[in-house]
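Here are a few friendly notes to read alongside the structure.

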Amino acid sequence: MSLPRLSVPLAGLAGAALLLSGCVSSAPTGGDAATDDASTSASAGGKVTIGVVMASSGFMGPIDTPPLNAMKLEADRLNADGGIGGQEVELKVIDTGTNLDRYASAATELIGGGAKALVVTCDYDVSSPAALVAESENVLSIAPCIGDPIYGPAGGLKNGFSMGSGTPGEATVQAEFAYEQGWTSAVLLTDTTLKYTQNQCEIFEKRFTELGGTIIAKYDYQQGDSVRETVSSVAAGEAPAVIANCGYSPGGATVAKEMRDGGVTAPIISGFGMDGDFWTGGIPGLSDYYIVTYAAKNGDDPEPAVNEAADAYEKAYGERPSVGAFVAGPSTLQAIKAAYEKAGSWDGDKLTTALETMGPLDLLAGPTEFSTDLHISVERPMRVLVVKDGKLAFVEERAPEKVTFAG
């Protein structure tokens with residue numbers, strides 16, 4: 001995800017969250033102080049500290065929490081298998097609570113305390129102050145699930161990478177799946193509070209029309225807004241074969257509810273921003289709602305390793321991960337381990353060169369390959385899910401046929 005330079009209306013987020021969302025996993029991070037989370041023993045080679053600057057609350061909480069929780073389990077697994085380079089992995093986490101003023105100071109604190117790499121919040125604009133501190137100290141920084149290709153050289157982060165499934169691939173899959181279903185006309189609904197959602201609809205439109213689809217109408221909204229007037233316009237106009245809801249919870253859930261309440265029955269498709277079934281309880285009987293995301297979290301993913309990781313998450317935290325992007329947390333540590341083993345050093349430049357040149361990585365999130373220009377995967381296969389009986393169910397796995405970029 002990538003926020004614009006404008007502030008998000010937090011009051012609207014909070015109010016809508018109370019109305020539409022259910023239980024969201026919360027990471028046991030211990031507030032705003034640094035805490036040690038990986039405690040199992042590796043071989044007797046000392047410890048290596050990985051700093052984590054993420055949020056278990058605020059508007060990034062629902063996005064950051066699942067990969068952060070899963071990352072802690074992966075640290076334990078790595079340590080049981082010898083750690084990284086024979087050193088025990090020690091995660092030191094500072095929970096920012098999505099306090100935008102906390103990121104830079106938290107990164108400074110962790111790197112000053114010896115962190116060899118930095119893991120940051122899943123949004124470029126929120127996390128960039130922390131990432132820029134890491135850049136200035138020649139420390140590798142990784143965001144588990146930023147989708148904007150700007151996280152990397154394009155955004156001034158030579159040593160910055162995302163384990164996310166890039167928006168160019170995600171939105172391309174949305175368009176290609178929709179067109180393949182025979183849905184050849186679309187209405188676009190864009191939440192303009194995020195650059196991520198703006199890019200999503202732009203890419204969807206480019207690929208959809210390239211395939212031969214027609215855009216009937218385009219409407220904008222913002223988090224916290226009612227879209228009843230838009231619903232009336234859609235209901236009164238030419239009926240679309242599909243609606244692309246380029247949004248994120250809870251505002252995107254408001255859109256879904258008001259569309260269905262207003263009698264609009266066309267299939268709706270969204271990306272990772274609408275992942276999770278914690279919001280579907282507010283829309284009884286919701287159907288024909290499709291989501292393109294990282295993984296199927298409810299035990300029906302085609303990759304056994306994903307299902308096993310989701311089961312382990314539930315055992316550890318008492319509930320399933322709230323979104324499929326939980327797989328990006330373990331993938332972050334897997335990538336750091338692979339980079340260190342190739343580089344033989346914690347020097348940021350050397351770790352970056354290792355990641356750029358090592359070829360495809362087989363991570364829990366899927367096959368991942370970086371280049372000198374692109375520090376995010378845009379070709380990774382993604383999952384198409386559908387809301388069924390209030391839960392997300394697996395439909396198919398598909399990679400983008402022709403990756404499309406915004407702009």
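**Notes on the model**

1. Let me begin with a residue pair. Phe204 and Phe208 are both buried. Please keep in mind that this is a predicted model. The two residues belong to helix α6 (residues 195-211), where they sit four residues apart, about one turn of the helix.

2. A search of the whole structure turns up twelve aromatic pairs. One of them joins Tyr124 and Tyr151, with 6.2 Å centre to centre and 85° between the planes, which is edge-to-face. Tyr124 belongs to helix α4 (residues 124-136), while Tyr151 is in the loop between β5 (140-143) and β6 (160-162), so this pair ties together parts that are 27 residues apart in sequence. Tyr124 and Tyr151 are both buried.

3. How are the rings of Phe204 and Phe208 arranged? Their centres are 5.2 Å apart and their planes stand at 20°, so this pair is stacked.

4. Now to the helices. Helix α2 (residues 61-80) packs with helix α9 (residues 304-317) at an angle of about 90°, and their axes are 10 Å apart. Angles of 65 to 115 degrees count as roughly perpendicular, so α2 is roughly perpendicular to α9. On the α2 side, the contact is made by Thr65, Pro66, Asn69, Ala70, Lys72 and Leu73; Ala312, Tyr313, Ala316 and Tyr317 meet them from α9. By class, the residues of this contact are seven nonpolar, two polar and one charged.

5. The sheet deserves a look of its own. Seven strands form an open sheet in the order β8-β7-β9-β10-β11-β14-β15, and the pairing is mixed. Which strands stand at the edges? They are β8 (214-221) and β15 (391-398); each has a single partner strand, so one side of each is left without a neighbour in the sheet. On average, neighbouring strands of this sheet are turned by 25° against each other, direction ignored.

6. Within that sheet, strands β7 (residues 185-191) and β9 (residues 242-246) run parallel and are joined by five bridges.

7. Finally, which strands does helix α5 lie across? Helix α5 (residues 167-180) lies across β9, β10 (268-270), β11 (289-293), β14 (382-388) and β15. Relative to β15, helix α5 runs at about 90°.

Technical notes. Residues are numbered from 1 along each chain as its sequence is written. This is a predicted model: local features need pLDDT of at least 70, side-chain atom pairs count only at pLDDT 80 or more; totals for chains, interfaces and linings use all residues. Side-chain values use heavy atoms; hydrogens and water are left out. Axes are lines fitted to C-alpha atoms, for helices over the stretch in contact, and angles run from 0 to 180 degrees between N-to-C directions. Angles under 35 degrees count as roughly parallel, over 145 as roughly antiparallel, 65 to 115 as roughly perpendicular and the rest as oblique. Contact means heavy atoms within 4.5 Å. Ala, Val, Leu, Ile, Met, Phe, Trp, Tyr, Cys and Pro count as nonpolar, Asp, Glu, Lys and Arg as charged, and the others, Gly among them, as polar. Rings of Phe, Tyr and Trp (its six-membered ring) pair if their centres lie within 6.5 Å; planes under 30 degrees apart count as stacked, over 60 as edge-to-face and the rest as tilted. Buried means under 20% relative accessible area, exposed over 50%, partly exposed in between (1.4 Å probe, protein chains only). Two strands pair if DSSP finds at least two bridges between them.
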